[in-house]
Amino acid sequence: LGPHVALDTMLSQKVQPISASARRFSSHRSILPCAIARQRLGSRLSRDPDSRPSTLCRSNSDEASSSSSAFDIVFGKPAAPKELYESIAKDARSGLLEQLGRGSSMDLVLAALHLASEDDAIKTRTHIPLPVAAFSGRLDNMVSDCRVQMPAGLDPQQQLDWVTTYLFDTWGLKVAKGMEDGEYSPYRVYMHHVLAQRCGTPAATAAVLHSLLQRLMAAGAVSF
């Protein structure tokens, strides 16, 4: 229980500050296309005032009345209705709370994926939920590989060594170290990015190893 709680604390402490950084990055990314569009279209529209659209770039905070214009150009990613993305975030929160309620048997990867799903829904106002089951399925595929490839007759320590070697050498998971690996990037903490890019912070990669061992134990492939 002790190492499990310590790992959970490390993971949560890493995710919270990175979440704010990700939001700032997202806001800058959405502003830039609008500025470029205004610059490129400004001269053409000034030559023909009658063709000027009522809205060149509209943010999510603009009043709803602007949507009634006859000609509306909107740059950037369209946002889903509030009711939709809040529903996605609510479902993700329920999944996270379900994992937290399991105590020491919590699947850290699933918990981190639900956390990332909630943040993604609120940050991007998307109408498409993060495919948590698909990303979690990558660990299930690893479990299947381990069951086939692991030699028989290993003692518990040898099993642990074999699984660790498989995860970091065979599967290729990498621990991010320093700025060259983007150690402080949200891509190294949010679990769907960690699984997709096979690189994460020490806490995130430890969570992957923990969940892999946990699922192997549930499948009867290892015994500790």
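Modeller: The S136 side chain makes a polar contact with the R215 side chain, at 2.9 Å. Keep in mind that this is a predicted model.

Colleague: Where does S136 sit?

Modeller: In helix α4, which covers residues 132-149.

Colleague: Buried or exposed, that S136?

Modeller: Buried. Its relative accessibility is 7%, and the cut-off for buried is under 20%.

Colleague: Which residues does S136 touch, leaving out those up to four places away in sequence?

Modeller: L110, L113 and R215.

Colleague: New topic. How many residues are in the largest nonpolar core?

Modeller: It has 32. V163, L167, M191, L195 and V208 have the most contacts inside it.

Colleague: Which elements give two or more residues to this core?

Modeller: α3 (108-124), α4, α5 (156-170), α6 (191-197) and α7 (202-218). The largest share is from α7, with seven residues.

Colleague: Take V208. What does V208 touch, sequence neighbours up to four places away aside?

Modeller: V109, L139, L167, L173, M191, V194 and L195.

Colleague: Which residues of α5 are buried?

Modeller: Q159, W162, V163, Y166 and L167. They are on the same side of α5, because they cover an arc of only 125° around the axis.

Colleague: And what covers the buried residues of α5?

Modeller: The cover includes α4 and α7.

Colleague: What about the ends of α5? Which residue caps the N-terminal one?

Modeller: D155. One of its side-chain oxygens lies 3.1 Å from the backbone nitrogen of Q157. After α5 comes G172, with a positive phi near 95°.

Colleague: How many aromatic pairs does a search of the whole structure find?

Modeller: One. The pair is W162 and Y166, with ring centres 5.8 Å apart and planes at 5°, so the pair is stacked.

Colleague: How are W162 and Y166 placed along helix α5?

Modeller: They are four residues apart, so about one helical turn separates W162 and Y166. In general, an α-helix has 3.6 residues a turn, so residues three or four places apart point the same way.

Colleague: Are those two, W162 and Y166, buried or exposed?

Modeller: Both W162 and Y166 are buried.

Definitions and conventions. Residues numbered from 1 in each chain as written. Predicted model: local features only at pLDDT ≥ 70, side-chain atom pairs only at ≥ 80, totals over all residues. Heavy atoms only, no water. Buried < 20%, exposed > 50% of the residue type's maximum accessible area, 1.4 Å probe, protein only. Polar contact = N/O pair within 3.5 Å; in protein donor to acceptor, adjacent residues only side chain to side chain. Contact = heavy atoms within 4.5 Å. Core = buried A, V, L, I, M, F, W, Y, C linked by side-chain atoms within 4.5 Å. Arc of directions from axis to C-beta. Phe/Tyr/Trp six-rings, centres within 6.5 Å; stacked < 30°, edge-to-face > 60°.
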